Amino acid sequence: MNSMVQQLCPVQSCKKIATDTFLLRFNSPDIVASAQPGQFVNILTAEIGKGPLLRRPFSISRVEDNIIELIFHVVGIGTNLLSQNQPGDWIDVIGPLGQPFHRDADYGTALLVAGGIGVAPLPFLTNDLLKYGKRIETFVGYRNAGQVFTKHLQNVRIATDDGSDGFHGNVVQLLELFLNQNNFQKAKIFACGPTVMLKALTELAKRKSICCELSLEGQMACGIGICQGCAVERTEDTAKYALVCKDGPAFLSTEVNL
Amino acid sequence: MTTLSIGSGIKTSFTLRGVEFKNRVFVASGTFGYGDEIHDLVDVNRLGGIFTKSLSWKPRSGNPPQRIVETASGMLNSIGLANIGVQTFIEQKLIYLRTFNTHIIVNIAASSLKEFCDVLSLLEGQDGIVGYEVNVSCPNVKEGGMNFGTDCKMTAEITSHLRKLTNKPLIIKLTPNVTHISEIARSAESAGADAVSVINTLVGMAVDIKTRKPKLSTVTGGLSGPAIKPVALAKVYEVAKAVKIPIFGIGGIASTEDAIEFLLVGAAAVQIGTMNFIDPAISVKIADGFENYARENKISDIGTLVGALDADVKFSVIQSWL
């Protein structure tokens with residue numbers, strides 16, 4: 001946490017990569033130097049007074065040389081403004097923030113599971129897990145084929161709600177089919193996606209006795225543990241709530257009540 | 001503590017009950033934590049002072065999610081005074097806060113008069129605290145909070161009891177959710193308050209029309225941010241007309257210009273709140289902005305701006321409330 005910085009960062013590129021989905025690349029050697037998979041950045045989408053009040057948090061999708069990559073959906077005013085960035089523009093970024101995924105646990109196969117734009121942190125995680133020598137199986141669920149984005153992922157299986165690409169159904173059902181056909185003694189799930197998906201995944205992981213780590217979203221004002229806005233209920237601990245921004249966004253599925 | 005900003009020749013400081021603050025820019029309670037999370041992003045030593053996150057006797061876990069909703073030019077929060085409790089503050093946070101070259105004012109929240117007194121008494125024995133801000137204005141807790149600050153008698157009672165327990169600056173933080181805030185301010189003043197902070201958040205709400213549920217778990221929350229600045233200015237103006245004690249102006253300040261508006265309507269100093277979340281260094285930028293404004297306008301003491309509004313009160317409605 002001590003390595004976080006607030007910087008104006010030059011935009012390298014911003015391109016549409018799927019339906020409503022953009023890939024933003026910006027330069028920040030300082031953030032790259034300390035970023036870990038699962039961490040996020042908090043971005044001002046317009047000058048103060050010219051856009052939404054609050055910053056918007058985004059998972060770091062990938063790092064390359066001095067470049068940070070983000071993948072995001074345009075869902076409102078803030079993300080729309082962000083998607084309009086062009087090379088030569090500058091964005092005000094705070095990061096890296098939050099606790100990364102715990103990649104170093106005792107497991108052989110990493111099961112990466114994402115719903116929709118929850119795919120965002122997976123490329124960075126994939127690259128890192130390869131360094132740890134883990135086997136990676138990736139499961140991504142989208143509404144339809146137009147949203148599918150699988151670059152920089154390993155051994156990808158796709159589910160779509162409408163059946164227009166891959167498995168017809170949701171990503172948790174797809175993972176369950178896979179788990180029923182394969183026996184993993186030592187696997188760990190890393191997941192990011194909508195809360196309803198993470199809930200179903202938590203149940204599946206419990207039934208299959210697989211360790212499962214979730215990257216959560218939360219409504220936050222500051223992103224650094226001050227506003228106390230992004231509370232999530234803990235299952236057991238001395239404190240009733242954890243903060244998504246500071247204690248997470250990565251939590252074991254057994255740690256939190258979604 | 002420097003009185004004059006180095007090299008500028010402009011007086012930036014002011015004094016409250018014998019405590020000299022290096023400038024008139026502070027950070028508001030609940031928007032700066034206990035200083036430890038944010039110090040990488042802002043030079044806290046440049047501030048007039050830090051108002052800490054509210055402290056109660058026991059730790060409070062706060063309200064269930066959802067606690068925050070963004071609104072037009074503002075945000076609603078319903079944190080519910082989540083805090084580590086005064087004992088843990090003393091053991092874990094105060095040692096670090098003492099290393100800052102700025103003044104620490106501890107904000108106290110409580111659900112009873114006794115709790116206010118207990119928390120303040122425990123803090124009185126500690127080094128590194130120059131004063132207290134008393135939160136009688138939180139709109140997001142069922143017991144205490146705003147219920148105290150909407151009542152003149154309760155406000156006076158709490159103030160007078162705490163007054164007996166300390167010789168340090170005692171600042172009462174007022175709620176705008178009353179008919180006439182000037183009446184509450186007068187109660188605080190006559191009970192011995194050294195200053196008032198004006199304003200805490202405005203009660204507000206937001207609804208999800210798909211689910212027909214309120215967006216906040218507590219149905220209503222407190223509105224803050226630039227959206228409330230015009231309301232806050234009017235409240236500071238009203239209080240300034242009613243009391244002689246200094247006012248800490250708070251409410252949506254996002255620029256030097258905003259902050260100077262507060263001084264002109266009668267605030268002796270300002271607290272930056274919600275905007276710390278968006279630009280952690282904004283308070284220092286405003287402190288610099290005060291000096292630049294003074295230089296450009298050939299003002300030797302920032303204090304000369306306090307209450308310097310050029311208003312014709314002939315048609316002022318507020319005037320009739322006082």
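In chain B, Val203(B) stands opposite Gly222(B), a residue of strand E14(B). This is a predicted model, in which local features need pLDDT of at least 70, side-chain atom pairs count only at pLDDT 80 or more, and totals for chains, interfaces and linings use all residues. Residues are numbered from 1 along each chain as its sequence is written, chains are lettered from A and ligands numbered from 1 in the order in which they are written, and side-chain values use heavy atoms, with hydrogens and water left out.

**The sheet**

- Strand E11(B) and strand E14(B), residues 220-224, pair in the antiparallel sense over four bridges; strands (E, at least two residues) and helices (H or I, at least four) are DSSP runs numbered from the N terminus, and two strands pair if DSSP finds at least two bridges between them.
- An open sheet of four strands in chain B has the order E5-E6-E14-E11, with antiparallel pairing.
- Its edge strands, E5 (68-71) and E11 (202-205) of chain B, each pair on one side only.
- On average, neighbouring strands of this sheet are turned by 40° against each other, direction ignored.

**The helix pair**

- Helix H4 (residues 152-165) and helix H5 (residues 181-190) of chain B pack at an angle of about 25°, with their axes 8 Å apart; axes are lines fitted to C-alpha atoms, for helices over the stretch in contact, and angles run from 0 to 180 degrees between N-to-C directions.
- H4(B) and H5(B) are therefore roughly parallel to each other, a term for angles under 35 degrees.
- The contact (heavy atoms within 4.5 Å) involves Cys152(B), Thr155(B), Ala156(B) and Thr159(B) of H4(B), together with Glu183(B), Ile184(B), Ser187(B) and Ala188(B) of H5(B).

Technical notes:
Parallel < 35°, antiparallel > 145°, perpendicular 65-115°, else oblique.
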